[in-house]
Amino acid sequence: MSKAKYNNPFSATVNGILDLFRKQEAIGVLKDEDRLDGKRCLVTGANSGLGFAVAQQMAERGAEVFMACRSGIPEAGEQIKKASGSEQITMLKIDLSTIKSIHAFIADVKARGLQFDVAVFNAAVVPGGAQKTEDGFDQMFMVNYLSKFILVNGLLEIGALKKGSSRLIFVNSESHRTNQEIDFDQLGVFEEYNMGKVISLYGYYKLLLNVFASELSRRQNYPTFQFSIFALCPGPVNSNIARAAPKFILPILKFIFGIFFSSPSKAAAPVMYLACSPSLEGSSDVYLHLMSKKEMDAKALDVETGRKLWEKSEKLLNRFAAASGV
């Protein structure tokens, strides 16, 4: 078995930087006339970093943008209004670390009668170590994977994603190419770990997310196409996602991020291409690394793995609901 390229902070950083300089064939070029006028777009984690840049660029291309955030309300929305010149910005509250908040968000969307043409599932965390959520799950497992499973299925259930035209975009990572096998028996089980294991687990949970995206496409698009389901790795982004790292490391990370990593506005390019390009109309199962089309890791595409993860996730949530009365 080949050694994973992103299984520790050093190798992840080095390989992320090298990826930026490797020659790649771009899938295409987003043109000025590729706009989002009249479309409603949802972006999670839109109050900072990549999500903020995506929300701003969507607003600049004419979209009505809904920023789903845990914090930065209303400041982030006001900043985008000013920068984009658009008043079509709405901020919605969601905390992806709690099931209660996700359910409340879905209820809010239903009450508003919203339907989205584009949904970008961007929010993610890189904690300094194991953190247990109020629901008893690991924070990184919950935010980076399980919350998407709950949110997407909830939005589908209330009809908030338009059949036949909606684009569902999952911001993922090349670190999903891990040599770890999925341990279905331990799915959702909280375990203590320190900073040394964060990066490998980050990749592991990104693998779960890509497995979910692939299985979602199979369930929604076969035999009849209903949604465009895309995923991407934006490459290393100069954002505050690693803010929970130990304080003695933060100055080093800030220096490396500032020198080598892409700005959020530049890193938003593959997200915007997937959201806007007319060349992708009616298509699905596209994965981009930066602007290059690639196949996901074989584990993410495996049909049996997708079926099993879906069923295990449903059982996990059913047990949680039964235990908590939710």
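Modeller: In α4, the residues I99, S101, I102, F105, I106 and V109 are buried, where buried means under 20% relative accessible area, exposed over 50% and partly exposed in between (1.4 Å probe, protein chains only). Seen down the axis of α4, these buried residues fall within an arc of 165°, so they line one face of the helix; the arc is that of the directions from the helix axis to the C-beta atoms. An α-helix has 3.6 residues a turn, so residues three or four places apart point the same way. The face of α4 turned away from the buried side carries the exposed residues K100 and A111.

This is a predicted model, in which local features need pLDDT of at least 70 and side-chain atom pairs count only at pLDDT 80 or more, while totals for chains, interfaces and linings use all residues. Residues are numbered from 1 along each chain as its sequence is written, and side-chain values use heavy atoms, with hydrogens and water left out.

Helices (H or I, at least four residues) and strands (E, at least two) are DSSP runs, numbered from the N terminus. The buried residues of α4 pack against β1 (40-44), β2 (64-69), β3 (89-93), α5 (139-157) and α11 (303-324), contact meaning heavy atoms within 4.5 Å.

As for length, the 14 residues of α4 (residues 99-112) should span 20 Å at 1.5 Å a residue, and the end C-alpha atoms are 20 Å apart, which agrees; the expected span is 1.5 Å times one less than the number of residues. After α4 comes G113, whose phi is positive, near 70°.
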